[in-house]
Structure formats: C-alpha cells, structure tokens
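Dear colleague,

Please find below the sequence and structure that I am handing over to you. A summary of the findings follows directly after them.

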Amino acid sequence: MGLETMEPDPMWDAAAHGETVETLAAWADEITVKVWGGDWCGDCGGQLPGFGAALAAAGVPDDRVEHYPVEKEEDGSKVGPGVEEYGIELIPTVVIERAGEELARFVEEEPVPIAEYLAEQLREREAPA
C-alpha cells in the first residue's frame, strides 16, 4: 500500500528547483528512498506532494521509492513497518540509502523542504560515477 500524499504536486515547479532536481537525478539509479508518513498526517500532506514531484522530475524510478504507512497510537507513538528499526518518531521521515548504507535523512521538523534538504546532504557526498 502506497501513501496517497506521495502523489506529485502538479503545481511544483522543477525549473525553480534546478540544483535540487539535478542532484537527485545524479543519484536516481543508485539510491533507495524510504518514506514514512501517514495520509492522515497534516505535515505529510503539506510536505510529501512536493517531494513526490521532485522525485518524478529527477527521474527517480518508482521501484526505488518505498512507502511505509504509519499509524499513530493513542499515546502519540508511531507504529508501522520499519518504525522501530529506523527509529521513526516524527513523520514525515525520509531516509535515502545506497547499498544498505544510510546517506541522508529528513525528519519532519527540518526548516527546508524535503527534496532540498536531502539534496544538500547528497551534495556533501561523492557523486556516483
């Protein structure tokens, strides 16, 4: 089951985010993007559509993007696939991995959009050949 909130925002302007799109495109075939979120979550609804649009603009293949739907317990804790393993406390959380190694992580409270934040982290690493 996928996250409806990952449907790309049709109003997102790839041209306005050229460097971000270029960075994600350079890594597109090397990475796995793991997205924890909930369609019930306001922060996810506000942030994930733009991220979905950035991934689409960068040509990141759908089979390299994994969705992990999260539910919230009465006490506010999060439950769902990989939540404990990856230490997910806030959503959306996005982890980018290459060959099982975590390269970048975005957690809900970062002050910039998801794609921009992750692209900045990827630029600090040696780009794939």
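Against which elements do the buried residues of α4 pack? They pack against α1 (18-27), α2, β5 (93-98) and β6, where contact means heavy atoms within 4.5 Å. Helices (H or I, at least four residues) and strands (E, at least two) are DSSP runs, numbered from the N terminus.

Please note that this is a predicted model, in which local features need pLDDT of at least 70 and side-chain atom pairs count only at pLDDT 80 or more, while totals for chains, interfaces and linings use all residues. Residues are numbered from 1 along each chain as its sequence is written, and side-chain values use heavy atoms, with hydrogens and water left out.

Helix α4

Of the 10 residues of α4, 7 are buried, so this helix is largely enclosed by the rest of the structure. Buried means under 20% relative accessible area, exposed over 50%, and partly exposed in between (1.4 Å probe, protein chains only). The buried residues of α4 include Tyr117, Leu118 and Gln121.

Aromatic pairs

There are 3 aromatic pairs in the structure. Rings of Phe, Tyr and Trp (its six-membered ring) pair if their centres lie within 6.5 Å; planes under 30 degrees apart count as stacked, over 60 as edge-to-face and the rest as tilted. Trp36 and Tyr68 are stacked, because their ring centres are 4.7 Å apart and their planes stand at 15°. Since Trp36 belongs to strand β1 (residues 32-37) and Tyr68 to strand β2 (residues 65-69), this pair ties together parts that are 32 residues apart in sequence. Trp36 is buried at 0% relative accessibility, and Tyr68 is buried at 17%. Together with Tyr86, Trp36 and Tyr68 form one aromatic cluster.

Phe106 is buried, with a relative accessible area of 0%.

Cysteines

A search of the whole structure finds 0 disulfides, a disulfide being a pair of cysteine sulfur atoms within 2.5 Å. The sulfur of Cys41 is 3.2 Å from its closest cysteine sulfur, in Cys44, which is too far for a bond. Cys41 is buried at 9% relative accessibility, and Cys44 is buried at 0%.

Largest pocket

The largest pocket is lined by Leu3, Met6, Glu7, Pro8, Gly52, Leu55, Ala56, Val60, Asp62, Val65 and His67. On a 1 Å grid over the protein atoms alone, a pocket is an open set of points where a 1.4 Å probe fits, with protein on both sides within 12 Å along at least five of seven lines; lining residues have an atom within 4 Å of a point. Helix α2 (42-58) and strand β2 each supply at least two residues of this lining, and α2 gives the most, with 3 residues.

Backbone features

Two loop positions deserve mention. The peptide bond from Ile91 to Pro92 is cis, with omega near 5°, and Pro92 sits in the loop between α3 (83-86) and β5. Ala99, in the loop between β5 and β6, has a positive phi of about 50° although it is not a glycine. Ala99 is exposed, at 85% relative accessibility. Most residues other than glycine have a negative phi, and most peptide bonds are trans.

With kind regards
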